[in-house]
Structures are given as structure tokens and as C-alpha cells.
2 protein chains.
Amino acid sequence: MLGMMMNAPLLVSSILRHAETYHGGTEVVSKTVEGPIHRYTYGDLAKRSRKLANALKKLGLEHGDRVGTLAWNGYRHMELYYGVSGSGFVCHTINPRLFREQIGYIIEHAGDSVLFSDLTFLPILEALADRLAPLKAVVILTDESHMPKSDVLPNLVCYETLIAGESDEFEWPVFDENTASGLCYTSGTTGDPKGVLYSHRSSVLHAMAISFMDVLSLSANDAVVPVVPMFHVNAWGLPFAAPMVGAKLVMPGPNLDGASLHSLFESEGVTVTAGVPTVWLGLLDWMDAHGQKFTSLKRVAIGGSATPPIMISRFHNMGVTVRHAWGMTETSPIGLAATLLPKHEALSAEQKLMLECKQGRPLFGMEFRIDGSDGKPVARDGKAFGAMMVRGPWVAAGYYNTEKSPAHAVEGWFDTGDVVTMDEDGFVQIVDRTKDVVKSGGEWISSIELENIAQAHPAIKEAAVVGAPDARWGERPVLVVVVKPGQTFTRHDMLDVYTGKISKWSIPDDVIIVEELPHTATGKLLKTAIRQIVLDEYAKRSPDSTLAG
Amino acid sequence: MLGMMMNAPLLVSSILRHAETYHGGTEVVSKTVEGPIHRYTYGDLAKRSRKLANALKKLGLEHGDRVGTLAWNGYRHMELYYGVSGSGFVCHTINPRLFREQIGYIIEHAGDSVLFSDLTFLPILEALADRLAPLKAVVILTDESHMPKSDVLPNLVCYETLIAGESDEFEWPVFDENTASGLCYTSGTTGDPKGVLYSHRSSVLHAMAISFMDVLSLSANDAVVPVVPMFHVNAWGLPFAAPMVGAKLVMPGPNLDGASLHSLFESEGVTVTAGVPTVWLGLLDWMDAHGQKFTSLKRVAIGGSATPPIMISRFHNMGVTVRHAWGMTETSPIGLAATLLPKHEALSAEQKLMLECKQGRPLFGMEFRIDGSDGKPVARDGKAFGAMMVRGPWVAAGYYNTEKSPAHAVEGWFDTGDVVTMDEDGFVQIVDRTKDVVKSGGEWISSIELENIAQAHPAIKEAAVVGAPDARWGERPVLVVVVKPGQTFTRHDMLDVYTGKISKWSIPDDVIIVEELPHTATGKLLKTAIRQIVLDEYAKRSPDSTLAG
Ligand SMILES: Nc1ncnc2c1ncn2[C@@H]1O[C@H](COP(=O)(O)OP(=O)(O)OP(=O)(O)O)[C@@H](O)[C@H]1O
Ligand SMILES: Nc1ncnc2c1ncn2[C@@H]1O[C@H](COP(=O)(O)OP(=O)(O)OP(=O)(O)O)[C@@H](O)[C@H]1O
Ligand SMILES: [Mg+2]
Ligand SMILES: [Mg+2]
């Protein structure tokens, strides 16, 4: 028997309607690519999103068509989020930091019909001119006075001109809440970027879940800055969650350096923000160097890669609460947030800090399963580790335009590719990535643990650990390091660093010194390339062997 | 084109699974009908709910069958919520405060197969013995040592015995999230109680929505007491929301007097509670009389009927934040919560208080429409009033086992029967009920406004205003009052009270003194009966006229 409740689909347009109707005067403030600060309200955002919807219709788009965006966080990008998805098209946010080749691949793979781009990405567009030729339009997110001239792309459309003549009346269509709303490709750390096709339902439920007290604690009394870009898993859902709760939304534009962020936070009375550790390092260092404080900031969400304890302490010392969170493109992204429990009150400050450094505990809606190397669930003791699998209403069931996904091999589950421990309260700690863990004689050795230990050595600038093929053990760990100018680091130093800290058989067999370590476009260590460095080095040392001596 | 996200239905059982898996050690504390305090954990709740699920299966229940409950807030009632709904049956909570005739009507109308009842309701059960005869079982929520003996009902089943032998393993079935999960009848203020059939989807979405910062702000760091009964619109969703966020749950049992509540709040470190104004009046008065304070309480949600400003002030003075909320059985219940906005910071304390006395602003997910007496939307100025219609995923689309619902006459909307104003930020203020508003010469006069003014007079104990039929105006307001012992109140006093406070044509034509005013089973003024009092009085005064002289 079915219940007798209204059939009201969860649609992205319902978020905008709510914000316009009950928070219509609340501000959306954007640092623009053109320079000045732009201010308007949710009421204006809603009106201009409807103008855009009318313009999109005229471009001849059809239900389900993909619309690409190459843009920083700003009000026009917000209009695209709502105008595109609200109309039943798919808002495909593209990461401009990817290599050009990857961007071209993604636009083609997604089959984008139209591309909207910030002014500043003209060089990318020109480099990809061939691939953009089949598109219905390439639109520059600016006004006539800022329109660039391009010989390579003579037909660029001006965004403001595109929507200028349109009516601001438009009835958002009502459709199945499982309709696709957005498309975002993964960062490409472990291979080619893969497309995740979000639905209206998943976007709305995720936005609700992250607004909870124990996740981001969002309220109409907040001023929220998504520092994490809108091309990076929908800025972690904040472009949906902020209007949902009626919070003031502040968009940082392209400049994410310490000085720019601090001045924006202070001038706009920002209370909540979210971003990756690298950005916060820049901000905190700048503030220390300039003796600055936060006068309004209350909470910062940190995720995307592990947050070092010292970063959490530095925020604490500035009176700011940290919410370390974990997520993936495939999980919309947030699945875990490290909010402490009443039972943790009795812990020492240091113990609390160690817990806050974990990736967090499960949001309601997300289910987790952690399978050890034997395929059986591991003990929930915070020590045993295994492959983390997840499921839930905002988890990808497959990849766009991709036949087979090994990550979806286990029926009903998505394999995150993260190797983790979980404690009895559900606090997860990432130990490594499945692809990076060194599988030595049936045991798993965490490359990240070995990297962190090496990283603490004063001579080392950056450290990576990868598995090198080994005839006897399958794989053995090898340390690859960049040494600080004027310093040295020997195999002997390496043994000193590790002895007593980890079990003997986990100590790397060798250390290789390099000038530089390869990184992905988003700044993560590129382990595939580092593995190649090791293979090349071994080949050099002993031409007929790839094994450590 | 559909998104490629997992199809994970929103089920009530997923809340219990989350609480067991990640908050398994968090306490559920209950004051019992038998006397002592009972303590266990979400882990225990989950286990015993599964035992119950196995027992229900043996009773021969089929998918969609209704299971009645007559019970106070306690752990066994929680097991019913999850054991019954989780299994795909419908948990039908019955209000034991209703008149027996109404209870019998509801059990029959719902077609309950089994009834679970607290020990203390034996007299009700015995009085309804005939109507209970066709049921599969009548189960008493107690253990063997407390089982009552009844000559009228010789086959009563003991709850603890029923589940004792069952396994605590049970796989919660997975089904369409629109499946019916619960059934609750309205309070019967304006006619016969009507059944609202909740779905799993509506229950989960409502629980998510009320956990938001600007609604009840629920966290794993809270200890929550639903003082509002579980038979009253699912205790406003707290039995779902508390385990969803992992909050400690404290259940007050049958004693809702000031002394009992205060001692429970203090001994259990309660931080959040929710209930109707009457209960808080009792608590605040008792605390004043005994010079008591709150040492842990942070937030109180008040709703169900209007909250007087003085009550909000009294809580503020005790350091407790008030969340005035509005809801109905048909809206799961919460649709509005009066959390202030940043723009209100500049207001005076008194202006803020007046806003907090309003019924609140819309939760995300709920849509509102307010139609004036001419059927057109009224101005959003906080002054113009009209009939409030709502829609959303947790709003009833009709009534159980009822052909035609006038409240659903407007396609896609539910007419709340409340007459309200709304301001530009969405703050709603209830002016009256559609049925109680006095329709005089095409204008609407709020009976509640007139009652509040009269209520402030020192001689008046309780006041009601109803419309009396009038040949010229259609209806004219009449005041009906109970006078305090030893006091008097004349027509002259009435004119004094109103003159200058309201427009002249709104002043009641007459005042009638009565010994007592009739109330519904849940303590609301019974306007239909009061209208009859007026008619009878007029008939007495002038046998051939029902009109005011
Ligand atoms: N708080 C965190 N701490 C540590 N690692 C994190 C955290 N949050 C996210 N991550 C890492 O980031 C990954 C998700 O990143 P993202 O979806 O951007 O792409 P990617 O996995 O790096 O790229 P690809 O899937 O294309 O190889 C997670 O699997 C996890 O390994
Ligand atoms: N905060 C509040 N302030 C004033 N009135 C409220 C508030 N919350 C709820 N109400 C009133 O309670 C009504 C809902 O109550 P409920 O669903 O328990 O049954 P009822 O409407 O009293 O009974 P019936 O529908 O059977 O006549 C609302 O329509 C509204 O009039
Ligand atoms: Mg990945
Ligand atoms: Mg009603």
C-alpha cells in the first residue's frame, strides 16, 4: 500500500524558487573576473536564471543536452547552474586546471552542445578551437565592453547580450526527480577523468544532508564562501545548500590567494567557508605574515585531501571550528564529516585533534562497507584497514558514456578506491588509495604513512612512496624524494627515519632522489608517473633487472 | 535523460540502521508507565525492533496492514515505530486522549489488525471490547510481572513474551519509498478526525528538514526529549530525526507535569525539547514556584497552538532559545519555524519577540500560497490575510479511506483551514481558522484577535468569540466568557475593552457569560459547541429570533 502524500519531486529549480520567495533580498556577492565586486540578490539570480532559460531554449537545446561551463565561482556561473539544470539540460562543469588535452577529451566525451566560458580562459578555447567547431555556441561570460576578439574563434557569443532581450518569466518544467541535472568528471588522479551524472534528486538530497548541524551547519544567518571551485564537484554542493537555507552567498572569483580571501572574508562578514588544504595553507601563512585575524569566520570545511593536524590547530587558535570532510566526485561529494561526539568530550586536546584529522563519520543517507585484503569486512577498531565501498542516494551508479566500471563491480556498491580504517563510531581514516597501497607478500603497506614519516625529515622537501615489482614479495616499497637545496638524504638516513616507527618489513627497500615529483593538474601526486621513475631508475642501475638489489 | 545515481530508497529502516551502525552506543532513556527509568541504546532498539518484526510476521500480518498503538512516549513505542513501518506495515498511532467513541471510530475506520497498548489504557480497551473482538491480537506493552487481568478481554498478549523467543536477526525489506509507513488522525477540532497516511519518503524527508539549523538544529551532541506525544503527528518527527543525527533520545512517559519534566531534563542533561504551550506553562510555573533553573536545556520548540509572547520571554530569561513552529497532522507536521534572519538583528527586543510569536517562515521543501476572500493571492505585507494552502513532499494528498476531501479541492494544493498573513520574508501569522473567522458583510474578522484582547481583562478566565448568524451582515461576532470567581463582566466592560483597539465594526455585538467553555479532547476550544451555546442563549432571550438584538 502506498502512502497518501503529495508527489512533489525534488528538483534543483525548487531550491531557487525557495530562495527567491523567502530570501529574495539576501545577497549574492561575487568577485568578478573583470575586476570589480558584483552584488545582487537571490531575487535577481532567479530572474536572470529565467532569462537564461529562455535564451537556452532559443539555442535549440533539447531535454538532456549537455551544456559545458569553464568558469570560476561567480554569479553568472550560478545562473548557469539553475538556468541549465532547471530547464532539464545538464550543467557540465569543466575543470580549467586540467591539461588542455584532458579538457578537449572531456568536452568531446560529454558531447557538450554549448560551452560557457569565463573571459580568462580564451587561450584554452583557442587551443581547442577544432574541437569546439561542432558546438551550437561558445558563450563568453561577460558583457559587450569586455568581449575579447579572437581570430581563431570569430563567433564567440556575449553572455549579457545573449540574455539581454529575454523575458524574466519562465515556468520551470516539472519532471522526474531522477532526471540528470549535472555532469562532473573526476580529477584524473588514477587514470582518465570519468564522468559522474548527477540527478536532481541526488543534488537536492546531498544539499540537505550537508546543511545538517554535524556537517556544515548552514543557516540563513550565515554568509557562505565556497572557495572550492564550482567545477570541482559542484563546489561541494554549496551553490545548492546556501540558497536552500537562505544564507548569503559570497563568490571568490579567480583569486584564491591569502590576501584576496582574507579581505573578502572580512569585508563580507563571512561565517562559513569550504576548500582544500592547499588554499588554507596559503591563507593562514599570509595571515601570520601580516598579523591578521578573522573577525567573523566561524567554521571552515576542509577536504579533497588529508588535512594535517597543524592546520586544524592553526584554525582553532584563530577561533575557527574545523570540519574535516571526505568526498569524491562520485559521492556528490560529501560522505563523511569529522564532527566529534559527546563521548569525545573527555579526551585530551591532542586526542581530539587526532580524531578531527580523520576523514570523518558517515552522513545520514550514506552506507559504508570496508573489505580487507581477504574480501571480508574488517574489524571496526580504527586499526584494521580495507577497501571502502559506499552506497546511497547521492552515490554514482556508473560513469557517463562508459560501458564498464570496475569500481561498480560489486553489485549495489561503489568501490571508492580508498583504503581506510573505521572505528566503532564510524570515524574513517584514509590509509591509502587501493592503487597506491604497496601489496607486499599478501600484506598491505600504506604508502601515505611512509610518506608522512619521510616528510617530517628536515632535509626532505617532498616525498612519495610507490610499490616496485619484486619477484619474491610481489611488490616492495620504494621512497622517492626531492631534497631541500643544499641538503642530502641517504639510504642510511632513510633507515634511521623509519626504524622503530613502523614494522621492519614495511621499511622501503630503497630511496631515489629526484629533482621534482610529478603532479596531477589538481596538485595530487601522480603515482603512475612516479612508479615509472622507479622502473627507469632500476633499469639504469642494472639493465637486466627491474628489482631492487 | 536520467542521472546515473544509485537508486537508494528513503526508508524508515535506513534511519534505524544508521543509528545502530554509527551511534549504536548512544542512549535511549525512557520514563516507563510501570514506574522506573529504563535505559538502553540505539543498538538495543535496533535489535529489539528486529525481534518485533519477526513476531509481527508470525501474527500473520500482510504488507500494508495497519497496526494500532495506544501508548505514551517510550522505548517500546519506538520499537513499534521501526518494527512495524520497517516491515512494510503501517504504524497507526492513536491518541488516547480522544473520547472513547472517537478512539473506537478511528480503530474501525483504519481497519487495524493488531493493537498495542500501554498498561494504563486498560479501561479504554475494556470499554471498546466489542470493537476489538475482530482484531488478530491486543498486545499490552509490558512484561509478564505487570500483565493486567481482564475478564472482558481474556486474551490480552504480553509484549515481552511476544518478542522474547524471536531472533534479533531480520533483513529489513527494501521497497518503494512511497509505501505507507504511518497513519495518524487529526485532532478532531473542526469535525471527525481524518486519517493521514504517511509514506517512508515523507517521513525521512520531513525528519531531514526539521534537523536543519534554522528549524530544530539537531546534532549528535544533543539530548532530545519529545514532550509532544508520539500519538500526536509522530511527536513532530523527533523519533525519526533524533536517531538520524545520532542524538541521545529521552522519552518522558505519561507524566508531563512541571516537576516530572524538570527532573528528567536535569538528570539526563537534555538540550532540546518540543511540545505544546500548555505543557510549557505547567513547567515554567512549577519552576518559578520552586525557584528552579535549567542547567543543560538550550532550545525548545513550541507549536500546535499559538505561543504567547510572555512564554517566549520566560524561556529567554532562563537562557533557552525558543523555536515557535507551525504544523498540522496533514503536514507531517512541521512547515514553518520562526527563526529570525540577519536583517532582524537591528530590531528592538520587543519587535524581535513579536516576530518569534509568529508561526514562522517556510522550511525548504514546503510551498505556500495565501488566497484572500476574493480568491486572489494576498499582498505579502504581514497585514493582508487569506486562506493558507500548502504543498510539498510531506503534505497529505488526501485522507485515508475517505472519498472526497474539500481541503484538497484546489488541484495540487492542500487547504490548511488556517487564515494567515505573510510578510516579505515568509513569516506567517495565524489570524484564525477558516471555519472560525467571522464573515461580516464580506469582511473577515479574526475571532482569535478578539479573544486575545478579552483574555487580557483581569476579570476574565477564558474567552471565546464566534460568529452568530445575522440577517443583515451574514455573521456578527459574539463574545462568550468564563468569569473569574467573585468577578463580573458586563456588555459595558466589553465595549471598554475593545474600543480604540480594533475597528468599530469588529467589536462583538454581545457578551454571554458561561460557567465553562467546551474543549476538544486535545484542549482546543470547541467552536461548533460554542456557536450552539450562542444560538441557545439567543433562542432563550427572544424565542422567535436567533439574531442579536
Ligand atoms: N578529507 C580527505 N582526506 C584525504 N583524502 C581525501 C579527502 N577527501 C577526498 N580525498 C581523496 O580524494 C579522492 C576524490 O577526489 P576526486 O573525486 O576529486 O578525484 P580523484 O579520485 O583524485 O581522481 P580520479 O578518480 O580521476 O583518479 C578520494 O577518493 C580521496 O582519496
Ligand atoms: N504554532 C501554532 N500557532 C497557532 N496554531 C497552530 C500552531 N501550530 C498548529 N496550530 C493549529 O493546529 C492545527 C493543526 O492541528 P491538528 O492537525 O492537530 O488538528 P486540528 O486541525 O486541530 O483538528 P481537525 O483537523 O481534526 O479539526 C493547525 O491547522 C493550526 O490551526
Ligand atoms: Mg577517484
Ligand atoms: Mg486540521
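Mentor: Let's begin with how elements are named: helices (H or I, at least four residues) and strands (E, at least two) are runs assigned by DSSP and numbered from the N terminus. Please keep in mind that this is a predicted model, in which local features need pLDDT of at least 70 and side-chain atom pairs count only at pLDDT 80 or more, while totals for chains, interfaces and linings use all residues. Residues are numbered from 1 along each chain as its sequence is written, chains are lettered from A and ligands numbered from 1 in the order in which they are written, and side-chain values use heavy atoms, with hydrogens and water left out.

Now to ligand 1. A residue counts as near a molecule or strand if one of its heavy atoms lies within 4 Å of it. Ligand 1 is surrounded by 22 residues, and T186(A), S187(A), G188(A), T189(A) and T190(A) are the closest. The strands β14 (321-327) and β20 (428-433) of chain A each give at least two residues to this shell, and β14(A) has the largest share, with four residues. Sorted by class, the shell holds five nonpolar, 13 polar and four charged residues. Here Ala, Val, Leu, Ile, Met, Phe, Trp, Tyr, Cys and Pro count as nonpolar, Asp, Glu, Lys and Arg as charged, and the others, Gly among them, as polar.

Next come the polar contacts, meaning pairs of N or O atoms within 3.5 Å; within protein, one must be able to donate a hydrogen and the other to accept it, and residues adjacent in sequence count only if both atoms are side-chain atoms. G188(A) uses a backbone N or O atom, 2.6 Å from an oxygen atom of ligand 1. T329(A) places a polar side-chain atom 2.7 Å from a ligand 1 oxygen, and for a polar side-chain atom of K524(A) the distance to an oxygen of ligand 1 is 2.9 Å. On its own, ligand 1 exposes 640 Å², of which the protein buries 95%; such accessible areas come from the Shrake-Rupley method with a 1.4 Å probe, and for residues only the protein chains shown count as cover.

Finally, back to chain A for a salt bridge, that is, a side-chain nitrogen of Lys or Arg within 4 Å of a carboxyl oxygen of Asp or Glu. K527(A) and E451(A) form one, 2.7 Å from N to O. The pair joins distant parts of the chain, 76 residues apart: K527(A) lies in helix α16 (residues 527-541) and E451(A) in helix α14 (residues 447-455). K527(A) is buried, at 7% relative accessible area, and E451(A) is also buried, at 9%; buried means under 20%, exposed over 50%, and partly exposed in between (1.4 Å probe, protein chains only). Over all chains, the structure holds 59 salt bridges.
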